[in-house]
Structures are given as C-alpha cells and as structure tokens.
Amino acid sequence: MDSIVVQGGGPLNGQIPIAGAKNACLTLMPATLLSEEPLTLTNAPRLSDIKTMTELLQSLGAEITSMQEGQVQAMSCHGTINTRAEYDIVRKMRASNLVLGPLLAREGVAEVSLPGGCAIGARPMDIHTDGLTLMGADIELRDGYLHAKAAGGRLKGAVIDFPFASVGATENIMMAATLAKGTTVINNAAREPEIVDLADCLRKMGAQIEGDGTSSITIQGVDSLNGATHPVVTDRIELGTYMLAPAICGGEVELLGGKLSLVGAFCEKLDAAGIDVTETDKGLMVKRRGDEIKAVDVTTEPFPGFPTDLQAQMMALLCTANGTSVLEEKIFENRFMHAPELIRMGAEIDVSGGTATVTGVKKLKGAPVMATDLRASVSLILAGLAAEGETKVSRVYHLDRGYEHVVRKLEGVGAKIERVKD
Ligand code: EPU
C-alpha cells in the first residue's frame, strides 16, 4: 500500500486543472445500458472508481474502450445483456447501485447486490426501491440481492414523492423513467449539478426530461434511446478541495475550469473565513484576504447547500482559524473520521453526534495519519500542507478513488509532496 508524504510549509502559487466529476461520470456510465447505440463520455476523470464501474458494466455485457489515457470512455451496449450485478464488484463501490434503474428499464428485470453500508454511514436503498415499486416493479431482497421485476415487462410512469432529496435515487429513477410507459414526476428530487449533467446527457440520447436542477423533475418515457457524445461536468468537489490549498497555506492559485455556480454555498463560507474567490477567464482565483483565517459555522445540506463532500476539507482549514467553528453534518451519520486524525496533528476538535466544535490553534504539527474514506484522506493532506514538519497519510487507495494525479497537481503549485511505497 502506498502513502503520501507531505512537508508542510510555504505558500502555494500557480494553476491546478480540475477534472471531470467522479460522481457525474459514475451515473453517466450506467446510462449506456439504456441504449443499443454507443455512448461516449469525454472529460472523464482517471480514477479507480471509474475502473470499477467499467468492470461492472463489462460484466453486464457492455463494450468499453478507454482512450486518451482514460479521459474518453467509449461505451456500447447492444444485443443481449446480463441482468445480474454481482456482489464481488458491487461491494467495492456503492455507486454500483446505479445500474438498477437502467437494467430494469431496458430488460424489465434486474438482480443487483445490495452494496451494504460504508465507513461514512449505513446508506440504505429504500428511496430507490420505493420509487421503482411505484413504477410497477416487484422488488424482493433475497440472498443479499435485490430481485426486481417490472409488471408486464415494462416500468410505468408514476408520481414519486421522495422523503429526502437522495442523489442516487433521483439518478436511478430518472434513468428508469426514460424508457417507462407514460410520465414520471419526481418530487423533492435532488438538485445537484451531477443530476443536471445526467439529464443533459439523457436528453442528447433522446429522453424527454424537464425540471432537472429544481425539486420537481418530469420525465416522459420514450420507446428507445439513441447514442450520444457528452462531456462530463467539472468536479465541484475536486474544485473545492484545491480551492482550500491556498486558503490553508497562503499564496494564490487559479483553478482551471472552476465555476462559481458549482460552489456557491462553499464560496460564501470561504468569504466569511477571509478567503477571496474571483472569477477569471480560465476559472477561479483563490487567495487569502489577510493573514488570519476567521472561524465560521458550517452545516452540510443537499445542493445548493454546503456539500457534505467538502466538510472534512473545510474542517482542515478551520483547525487554524481564529476562534471556534461549529460544523454540523446533516447528510451522513458517521462522517467525522478525520477529526481524531486531525487531533493527532494538534487540532482541538470536540465531536458530539453530528456536531464537531473546532477551536483554532496557531499551527498544526505533522504526524503519521490515516483515514477510512476519500474526503477524510484529502483533508489530512491539506492539513499536512500547512503543518509544521512531515505528515504521512497512509491508505492512499482511498484517494485514488476520487482524486487523479493528486501529487502532480499539488507539486505543480509548489507543494512538497510525494507518493511512497510502504
Ligand atoms: N439515503 C437513505 N435511503 C436511500 C438513499 C439515501 O436513507 O434510499 C440516505 C443516505 O443513507 C444518506 C443520505 O440519504 O444518509 C444521502 O444519500 P444520497 O442518496 O443523497 O447519496 P448517494 O447518492 O449515496 C452521492 C455521492 C456521495 C455524496 C452524496 C451526497 C455518488 C456516487 N456519491 O451519494 O459522494 O456524499 O451523494 O451528496 O454520487 C463522495 O464522493 O465522497 C461521496 C460519498
């Protein structure tokens, strides 16, 4: 297993290119199951999660060619397909559950292993399955697999009121509804940019979708979908993560491809913390307004609120703020695993249930640390960049799931960072 070693120190200056969004690509790829014609994604991020989705789709019968070092994924799913998504692949990555809606829509049947919980929470699938049941699917849990069958072989449109604006359930139902008979309305739908990106791609494939980006999405089912070529939207979480690098270390960094519309609520908190963000021709420029980082309170919420996927990184910033910040995690029940590791680096953090109270210290100190999820791991790298001395972050495979070329990108702005074999 590899580790990342960071020497804390001076300011960061330069440019960081932002990749296509992992979480958009992971929902766009299963859309290939909806058509007999090729679907090509450009601006795909080069990540291990994308490889896992490739493996899953290939196991279902899709042909996938990865080109330009993984930035282009050419997919085709013609002819007969396998409708069983095996536990061995699904357990590696929860987003595998996004094949359920497309398989059911195309074939009228699907067997998809339940992914199980993960480090950040239990993550059940009831909102997905309740929605598909309203669309005429009979779904039974047997042997750890969801066995789903559409009555009469084809899903039908329905009005579905979500109890919570689940991102994955919105994506699964949206894809399922494109080929259903009649009209589906999703109320209290998720509004994330990744949902809008999926809707844009499905529309290029011939789907009839309105209202994406709002809380009510209407999908008029069609008989078949065609092929398309679609660029994956910019990764707003990678963007926000690297925006925090100059915020924590000082200096001035331009995030190429960044857009304010992707990170609105996050930028409001950065502004309150004393960080300036300005739009440029090529993206976003970030620098500190003065020497001091100010304490701010943060509550995670579905989009357009502050994203849970940036909470750990924001905590790394607030560890050296002047004053006390309160962070409330409202999306996942166990997403403060980075806190004990940051405490090992000298941070003062008190976690109680879904609330973390962070009292800023003058300086963090380097230490060997590890984390059990993707965003927690990168928060430790950010903390290490500003700490005194050396920080060694182990279990780098978490990072490989969601950040391409993390060492190269941070080295490019002057960070002292290297990947080492244990
Ligand atoms: N939930 C249920 N029942 C359901 C579905 C969700 O109770 O049927 C709960 C979950 O347990 C969780 C909350 O609702 O507590 C939010 O879940 P949601 O379905 O919105 O999230 P997701 O689709 O599983 C995606 C991202 C996550 C991101 C969340 C929230 C992908 C592949 N994953 O997960 O990304 O945190 O939305 O924005 O799109 C990450 O990239 O690090 C990551 C975890």
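**Figure 1. Cysteines in a model without disulfides.** The structure holds zero disulfides, and the model shown is predicted. The sulfur of C201 has its closest cysteine sulfur in C25, 10 Å away, which is too far for a bond; the cut-off for a disulfide is a pair of cysteine sulfur atoms within 2.5 Å. C319 is likewise in no disulfide, with the sulfur of C249, the nearest cysteine sulfur, 13 Å away.

**Figure 2. Burial of C201 and C319.** C201 has a relative accessibility of 0% and therefore counts as buried. C319 counts as buried because its relative accessibility is 0%.

Figure 3. The largest pocket is where the ligand sits. Elements that give two or more residues to the shell around the ligand are α1 (22–28), α5 (126–134), α6 (167–178) and α12 (374–386). Three residues come from α5, the largest share of the shell.

**Figure 4. Residues nearest the ligand.** There are 21 residues around the ligand. Those that come nearest are D126, S166, D309, I331 and R375.

**Figure 5. Polar side-chain atoms at the ligand.** An N or O atom in the side chain of D126 is 2.7 Å from a nitrogen atom of the ligand. N23 has a polar side-chain atom 3.0 Å from an oxygen atom of the ligand. For R123, a polar side-chain atom also lies 3.0 Å from an oxygen atom of the ligand. On its own the ligand has 830 Å² of accessible area, of which the protein covers 85%.

Key:
Residues numbered from 1 in each chain as written. Predicted model: local features only at pLDDT ≥ 70, side-chain atom pairs only at ≥ 80, totals over all residues. Heavy atoms only, no water. Buried < 20%, exposed > 50% of the residue type's maximum accessible area, 1.4 Å probe, protein only. Near = heavy atom within 4 Å. Polar contact = N/O pair within 3.5 Å; in protein donor to acceptor, adjacent residues only side chain to side chain. Areas by Shrake-Rupley, 256 points an atom, 1.4 Å probe, with all protein chains shown as cover. 1 Å grid on protein atoms, 1.4 Å probe; cavity = no way out; pocket = protein on both sides within 12 Å on 5 of 7 lines; lining within 4 Å. Sits in = over half its atoms within 2 Å of the grid points. Helix = DSSP H or I, 4+ residues; strand = E, 2+ residues; numbered from the N terminus.
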